Amino acid sequence: MKLRISHETVYRYDQPIRNLVQSLRLTPSVFEGQKVHSWTIDVSGGIRGPGFRDGAGDWIEGWTVRGPVDHVTIRIDGRIDTRDMAGVLRGHREMINPLTYLRDTSVTRPDPALRDLAFGITGTTDQLDLAHKLSAAVSDRIAFRPGVTQTGTTAAQALALGEGVCQDHTHALTALARLRGLPARYVSGYLHSTIDGQAHDAAHAWAEIQVEGLGWIGFDAANRCCPDERYVRLGSGLDSADAAPIRGIAMGTGAEELDVSVRVEEMPQ
Amino acid sequence: MLSRTASNLFWMGRNLERAETAARLLDVGQRITLLPNTELGYQNEWNSLLQASGSSDLFREKYGDITQENIEEFIFFDRANPSSVASCLEKARESGRIVRTALTSQVWDALNVSYQELRKIERLPRSKLDTASLTDFTTGHTSTVRGAINATQLRNDGWHFMNLGYGLERADATARLLDVKYFVLLPRIEFVGSGLDTYQWQVILRALSAHRAYHWAYGGDITAGQVADFLILNGESPRALITSLYETVWHLEGLARRYGDGVPVSARDKAREVLTALQARDIEMIFDEGLHEFLSWFIRELGEISNLVHQDYLLGGA
Amino acid sequence: MSYYNEMFEGDRVRDPYARLRDWVETMPDDFRQMKQAEAEALFRRIGITFAVYGEGGDPDRLIPFDMMPRVFEQAEWRRLERGIKQRARALNAFLRDVYGRGEIIRAGRIPARLVYQNEAYEKSVVGVVPPRGIYSHIIGIDLVRTAKDEFYVLEDNCRTPSGVSYMLENREIMMRMFPQLFRNNRIEPVDQYPDLLRRTLESVAPAKCSDRPTCVILTPGHYNSAYYEHSFLANLMGVELVEGQDLFVDGEFVYMRTTTGPKRVDVIYRRIDDPYLDPLCFRPDSMLGIPGLMDVYRSGGVSICSAPGAGVADDKAIYTFVPEMIRFYLGEEPILNNVQTWTLWKDDDYRYVMEHLPELVVKEVHGSGGYGMLVGPKSTTEEIETFRLKIQANPSNYIAQPTLALSTCPTFVEEGIAPRHVDLRPYCLCGDRIELVPGGLTRVALRDGSLVVNSSQGGGVKDTWVLSE
């Protein structure tokens, strides 16, 4: 698929800020399922800082805005070719040992309910099969419903609530996989549309689970599928905060307001 | 030099000067209470002096009644009062500790000893202390620190920052005390020129440890014009506005020379401008303009200089 | 249990202490007391105090200083030095390996789980090779002695070992109080340490740095118990002592705020822990850190000493594998012994330890400062049983070791002079060269019979001498 991505994030501050420092993970991963044609990142009033590929294979770019400014716009404009790899992250160069992704964070820490769910799946010795079943279990137990959970909602809370968005599905799935001894991580990226053809929030998240013999495989429990050519992968981490596409801190005391618009369109051949 | 180091040296100077100001207030307040009562009692004067130090609201909230004991507690010991002797000495010592390596061992010793002695005094029963000994304690120790600075510190940028702190704080204290006299102590016109008026001017002079010097400089009677002249425009008077400002300019010039072209000099330019404006006035003009109006202008300008020192040097270019 | 007395062998005085015997034995009591008071006054004057974390109390507390020096012969020291340098090389090789390809794990010499699931293993710096491949630039190795030529390593400190200011000040004060002693004994100097440290730091400046590198020491601030040491070192090295707020990231580099504007910083000797380095990367609530620092570090714009993630090498569970590292990376046999260690997450070890608690020393895996540990032979049955419950609740949090017969060194006490147990922490510097000054910090358990030398538990310090030939 040929996709065009336009992603604009605007931070507005009620009092001017200075010395904004950002760490951006906003460049598509390099693997067999993605080929970038053009990709530009621009931060209004910003100076491009260090850029490097980290141990997880993600391209990280630091930006600083000296200010004072009362708003900052981060604009992404890119064209990319994608291919259905049935979720397999083939040809992705990374150095971090998968076992590193067995550790919990505060939002993926399991509670008894997550344990019950994880160990309730029996009768399979195949890791791939297990991963699929865990993903299906999350889809069954957490209904897609925006607005009921927040950034800080934990996997345990989302499961108890029975509702949530892709972030909650992903946290729950990584928690379950880790409980079963499968390394798992949080992936952030873009999504062209959903199975039903309806355009949902185009900024998306899903999980990757390490399966022996195959490597990392993506599972999108929110959409009951594995990532295909409609998905654009940006980067990964232990949880949503660790995999966040944008992180930033500024000097200033004011409150911040955020506007995001993402468009992922299919380009004519 | 790290901006934070410079900032600590600057505030060390300010706090040492402020501790001294607090001790003087205490001394003067004591004197007021020893004199025959005025119509309103000495409460009024005391309140005015508290206003001068910008802390009368805090006092009223915490203590209510103005009594000798309360005042002593508040102005000397109370850590909740940011301008108390104890608060200021502690902050000065804390700043010194943070920038320990920018101080000579003599300065650090003097600063540290003053703080250790303060802790000793704090442990004594209050009944064992009299106001005079508290004042002497403070001026004694702050003078020792001051002397150690003058005798041993390198004449480098750190020294300039300490002295800028001293200079700006002193100018501010003098201006505020003068303002109290004209704005608060004497709200009613019929007092002007009365014995009470003269007495109040004397109090101001004492508060600035300047009553003897005044007599040397002007001889004879105390008049409003002469006292104001002495404390505003007389370059021989160590606490006069013009003297403090002159020294401030001198230290800012020192920094500008030392740092060269790449570093902004907006504080120096502003200080020069205020000094020129001050030099252009005589005391008649100031009274015509209104003492209070003049002082308000001056205090504002000082605040602006302080602000610019911050911008030029203490933000570190970011 | 019998203990190796470093000064006496029966009535005979061992060689290194030969010239000290007269000094000790002829010292009049009042003179000793006078000198002791003088030493204390000097320490207090220079402000070398410490506060114990979490204990509150007097922030201006002094560590007791014992005037009786601890002495090593040249030959004894050379051997120690070789052993320490060997260990330092192996630890850095290990760090380079586990943040790279992980050969030692692929070779099956260290269990993968212990490394990759270790909390101190820092995922964000995988693949980052710091200048000269050095991760830990200052390694403090805690040693105890059990016989003439028998030394054991208790633990390695690869992050930010403290105490070196005591090594330097103890010597300063001894030289000032007893110049004659230094004329009669030929003692190797230690005061070159700050210069060596500075040179070490400069030698690991990033490749992007073209001029003479600007080094700084990063402190958590003046409320930290080791603040004195930070400011002491900064002063002796002639570098700025900065807090997080003094540094900021702009573009590709880190700068400090100075009165003449921003000044680029090339090497940061940090005395704060990993989680507080950069709120963008680690704890978002950290007020101590510098936002964006880790991105600059990872792209080679600044060096951080020790490197973030270096702590994985000094974990108590990893400790048991250091001899294996020496063999694997250096192809050498370890010169210094490791203490036999039982890891309580292994069933066999667990069973053994629970049966032998009264004989063993049990420590928390992530504990330090002598807290949370049990010294079996020195504990009451009740204390042992209380500790047993703690172990049962979370076995994998503990390791156990045999109670070592720590050597003793004569120490001034109330009654005169008496043997007290000691350990030793030398400081090894790793940069373009690996070096250590002849000496270190000797800690002494001042309580009669005590084996715990930590200052928070009633320990004191001594000057440590290495005699020249």
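Predicted model: local features only at pLDDT ≥ 70, side-chain atom pairs only at ≥ 80, totals over all residues.
Let me begin with chain C, where residues 24 or more positions apart account for 70% of the contacts with a separation of 6 or more, two residues being in contact if their C-beta atoms, placed from the backbone, lie within 7 Å. Residues are numbered from 1 along each chain as its sequence is written, while chains are lettered from A and ligands numbered from 1 in the order in which they are written.

Staying with chain C, we find 14 helices and 23 strands, where helices (H or I, at least four residues) and strands (E, at least two) are DSSP runs numbered from the N terminus. The radius of gyration of chain C is 22 Å, close to the 23 Å that the globule rule gives for 469 residues, so chain C is as compact as a globular protein of that length; the radius is taken over C-alpha atoms, and the rule is 2.2 Å times the number of residues to the power 0.38. Along the principal axes, the C-alpha atoms of chain C fill a box of roughly 65 × 60 × 45 Å. Of the 469 residues of chain C, 47% count as buried, a residue being buried if 20 or more other C-beta atoms lie within 10 Å of its own, exposed if 12 or fewer, and partly exposed in between, with C-beta atoms placed from the backbone.

Now to one part of that chain. Why can strand 18 of chain C, residues 408-413, be called largely enclosed by the rest of the structure? Five of its six residues are buried, and therefore the description applies. Strand 18 of chain C pairs with strand 19 of chain C, residues 416-425, in the antiparallel sense over six bridges, and for strands to pair, DSSP must find at least two bridges between them. A hairpin joins strand 18 to strand 19 of chain C through two residues, and C:Val413 has C:Gly416, in strand 19, as its bridge partner.

Next come some details of the backbone. In chain A, a cis peptide bond with omega of about 0° joins A:Gly67 and A:Pro68, and A:Pro68 sits in the loop between strand 4 (59-65) and strand 5 (69-82). In chain C, a cis peptide bond with omega of about -10° joins C:Cys305 and C:Ser306, with C:Ser306 in the loop between strand 12 (303-305) and helix 11 (316-319).

Which phi does A:Ala86 have? The value is positive, about 55°, although A:Ala86 is not a glycine; A:Ala86 lies in the loop between strand 5 and helix 1 (112-119) of chain A and is partly exposed, with 13 other C-beta atoms within 10 Å. C:Arg132, not a glycine, has a positive phi of about 60°, and its place is in the loop between helix 5 (112-116) and strand 4 (138-147) of chain C.

Finally, chain B is divided into domain 1 (1-153) and domain 2 (155-318), with bounds that come from an automatic or database domain assignment. The contact between these domains takes 27 residues from domain 1 of chain B and 28 residues from domain 2 of chain B. On the side of domain 1 that touches domain 2, the largest share, 17 residues, comes from helix 1 of chain B.
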